[in-house]
Amino acid sequence: MSAINPRTKIVDTDILVVGGGMSGSGATWEAKFWCRGKCKVTVVEKSTLERGGAVAMGLSAINMYMGMRCRENTPEDFVRYVRNEFFGILREDLVYDIARHVDSTVHLFERWGLPIWVDEKTGCYQREGRWQVMIHGESYKPIVGEAARKAADEVYERVMLTHLLLDERVPNRVAGAVGFGVRDGTFYVFRAKAVILTTGGATLIYRPRATGEGLGRVWYAPWASGSGYAMAIMAGAETTSLESRLVVVRFKDGYGPVGAWYLLIKTRSTDLYGEQREPLPQDMMERYKSLYGKYAEAKPTPTTLRVLAVIEDLMKGRAPHLMQTQERLTTQEAINEGFEDFLDMTISQVNVWAGQNIHPQQRPSELMPTEPYIMGSHASPAGMWASGPADIAPPEYRWGPNRMLTVEGLFCAGDICGASGHKFSSGSFTEGRIAGKSAARYVLTQARDYRPTISSDTIERYKEVVFRPMEWYEANKGVTTHSAARVDPWFDINPNYINWFQFMTRLQKIMDEYVAGWSTYYQTNEPLLNRALELLQFLREDFRFVGAANLHELLRVWEFYHRMVVAEAVTRSILARKETRFPGYTIRADYPALDDEKWHVFVNLRYDPRTGNWDVYYRPVIHIID
Ligand code: SFD
Ligand code: AMP
């Protein structure tokens, strides 16, 4: 290394938790408990524990709570609900496992100081809908993050991890991870017996609707960079259900969520001509039944179909879809609830109201389907393929400790674990607890005598790889059009390097136009997907020309590298499922109907880190709840 000479810090630990968001906090907290002083737990977060992750801005509801102490729901009820949501494609063992433990997590949050609304008549939590409870949640993440901070043996913040390390002696075994300090440029090497990936989902793989003004404003967190998926894929772990990208209907431009408006405040939404889409009109329902079979009739209407109805209105010129807020904001209580919903969770929506003179008490607000996100915790099951719990997982779903991926010693939770969505914030923390407990048992038993083998050559090689974009920039900055290009990456023209912004723009254009982004109304077909793979290959080749002027840009570069890896996996997964299973999310225009006889299976992928080849696996869907 010439111009850049970062110092190296090597950290030895037993359990490495990558990401300190909802699931990472749960994993840290629970792992520490089960270690009982006999193993070390280290958490690494690219921002801070108190404001890291999707819950950084706060939330207004906890979307997964059974209410078993009030006899409201059972875990079995929840599995049936999620089964309908995902048109039958789910790992019931994983969903059930979270459902049976989630209530205790919510009670912990309350004990730690999170204000949860209580229904004075029943003494139970105030429901938003059947599965959701209301909170005053601006400070949700600081409360949860504090628990992780107090539990962890060591906390590294402002450190972004970029690659997992595989053991050099034991095949297919994780040995740690590397990354860099985003503030001081230290090169970090973590050696561990178990690694838990909890880095959340992926936004900005697809071109967002805001491309100039409000650039980067998206519903899910803009810093959700798909790092955990990418690192696991690059290490050879199996993926699942990546063809099911999440698209949700949101208040236009501010991306305010709709749940509280429909379920708590009971607001209607309509197309431009006042026609409601819930319940679906008869003609729409008949058409959906002929295309998607029995799933179309599920109650409540599956999210994919609610989204599809809005997309079709857009296509037919019946837009804008409107949330008729003025019909319900007629009492002070409803006004308070409506405003608090956004002030707790998506302040930008209130800014849009203020900036565009929208009085929600007087006129409706436009709704819009988002660009696609890759997530395993909301109403989509995208993610990694994990081993299930010993007591309920069938043998096909159990090859190691609970939540271990197909790479030995590597665990997942939250958005990263696939085929088990609808966990939201509470379920993600719960799954983190499950993975943390499982990893603690693993390092104290099976992996007790394991010592990571990582050579100093490997460490030096990764150091070069990680900082190469800064080296490349230093070597070529003399011929740029803008010496202060950092301020305006659009106009930074250089014959030898591209910056992170240009790399991002190219990725988003490919994904939007070829892989079912919003500009094609979420539709694609086989030739488009194959062309996308070709263009992604060129993009991957050009990664060697990406330059980073400083550490902040280096962070952006690696975030978009991770997104590119996920983009390729998503494209290959959509290609591999020759039907339309999740219609409001991804439409295969060449196979527009659902085909349960042939395609009641998981679509999984594996990238081989030695050969660079991808394989597709079709895994069985086994239903274990009646
Ligand atoms: O209404 C690295 N979510 C909601 N959940 C609810 O329970 N209720 C709601 O009301 C929810 N709504 C909602 C939600 C999210 C957002 C953004 C909005 C509204 C506007 C969903 C939950 O937030 C979500 O399910 C969980 O947070 C998922 O948890 P997890 O742990 O999988 O992801 P995370 O919390 O984002 O944490 C990831 C962490 O990893 C860090 N990280 N660290 C080091 N190195 C790297 N390479 C890293 N990459 C990432 C991140 O910084 C982060 O801290 S509603 O709309 O549905
Ligand atoms: P959202 O605000 O859209 O993220 O939704 C929050 C929660 O409410 C999630 O659990 C959704 O599945 C659920 N939800 C949102 N809208 C509806 C609806 N119209 N019917 C049933 N459930 C909904």
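This is a predicted model: local features need pLDDT of at least 70, side-chain atom pairs count only at pLDDT 80 or more; totals for chains, interfaces and linings use all residues.
Reader: Let's start with the cysteines. How do you know that Cys35 and Cys39 form a disulfide?

Author: Their sulfur atoms are 1.8 Å apart. A pair of cysteine sulfurs counts when the two atoms lie within 2.5 Å, so Cys35 and Cys39 qualify.

Reader: And what makes the link of Cys35 and Cys39 left-handed or right-handed?

Author: Here the turn about the S-S bond is -100°, and the link is left-handed. The link of Cys412 and Cys417 has 100° about its S-S bond and is right-handed.

Reader: How do you know that Cys412 and Cys417 form a disulfide?

Author: Again by distance: 2.0 Å separates their sulfur atoms, and the cut-off is 2.5 Å. Both Cys412 and Cys417 are buried, as are Cys35 and Cys39.

Reader: Why is Cys70 called partly exposed, and why does Cys124 count as buried?

Author: The relative accessible area of Cys70 is 29%. Partly exposed covers values between the buried limit of 20% and the exposed limit of 50%, so Cys70 belongs there. Cys124 has 12% relative accessibility, and buried means under 20%, so Cys124 is buried.

Reader: How many disulfides does that give, and what pattern do they follow?

Author: The count is three disulfides. Counting the bonded cysteines along the chain, the pattern is 1-2, 3-4, 5-6.

Reader: Let's turn to the ligands. How do you know that Gln132 makes a polar contact with ligand 2?

Author: An N or O atom in the side chain of Gln132 is 2.8 Å from an oxygen atom of ligand 2. A polar contact is a pair of N or O atoms within 3.5 Å, so this pair passes. Glu278 has a polar side-chain atom 3.0 Å from a nitrogen atom of ligand 2, and a polar side-chain atom of His378 lies 3.0 Å from an oxygen atom of ligand 2. As for cover, ligand 2 exposes 480 Å² when taken alone, and the protein buries 90% of that.

Reader: What makes up the shell around ligand 2?

Author: It holds 15 residues, with Gln132, Arg250, Gly259, Glu278 and His378 the closest. Helix α6 (residues 259-263) gives the largest share, three residues. By class there are six nonpolar, five polar and four charged residues.

Reader: And ligand 1: what makes its backbone neighbours polar contacts?

Author: A polar backbone atom of Met22 is 3.1 Å from an oxygen atom of ligand 1. The limit is 3.5 Å, so Met22 qualifies. A polar backbone atom of Lys46 is 3.1 Å from a nitrogen atom of ligand 1, and a backbone N or O atom of Gly53 is 3.0 Å from an oxygen atom. The protein covers 97% of the 1100 Å² of accessible area that ligand 1 has on its own. Elements giving two or more residues to this shell include α1 (22-35), β3 (41-45) and α12 (424-444).

Reader: How many residues surround ligand 1, and of which classes?

Author: There are 37, the closest being Ser23, Glu45, Ala61, Ser377 and Ser425. They divide into 15 nonpolar, 18 polar and four charged.

Technical notes
Residues are numbered from 1 along each chain as its sequence is written. Chains are lettered from A and ligands numbered from 1 in the order in which they are written. Side-chain values use heavy atoms; hydrogens and water are left out. Buried means under 20% relative accessible area, exposed over 50%, partly exposed in between (1.4 Å probe, protein chains only). A residue is near a molecule or strand if one of its heavy atoms lies within 4 Å of it. A polar contact is a pair of N or O atoms within 3.5 Å; within protein, one must be able to donate a hydrogen and the other to accept it, and residues adjacent in sequence count only if both atoms are side-chain atoms. Accessible areas come from the Shrake-Rupley method with a 1.4 Å probe; for residues, only the protein chains shown count as cover. Helices (H or I, at least four residues) and strands (E, at least two) are DSSP runs, numbered from the N terminus. Ala, Val, Leu, Ile, Met, Phe, Trp, Tyr, Cys and Pro count as nonpolar, Asp, Glu, Lys and Arg as charged, and the others, Gly among them, as polar.
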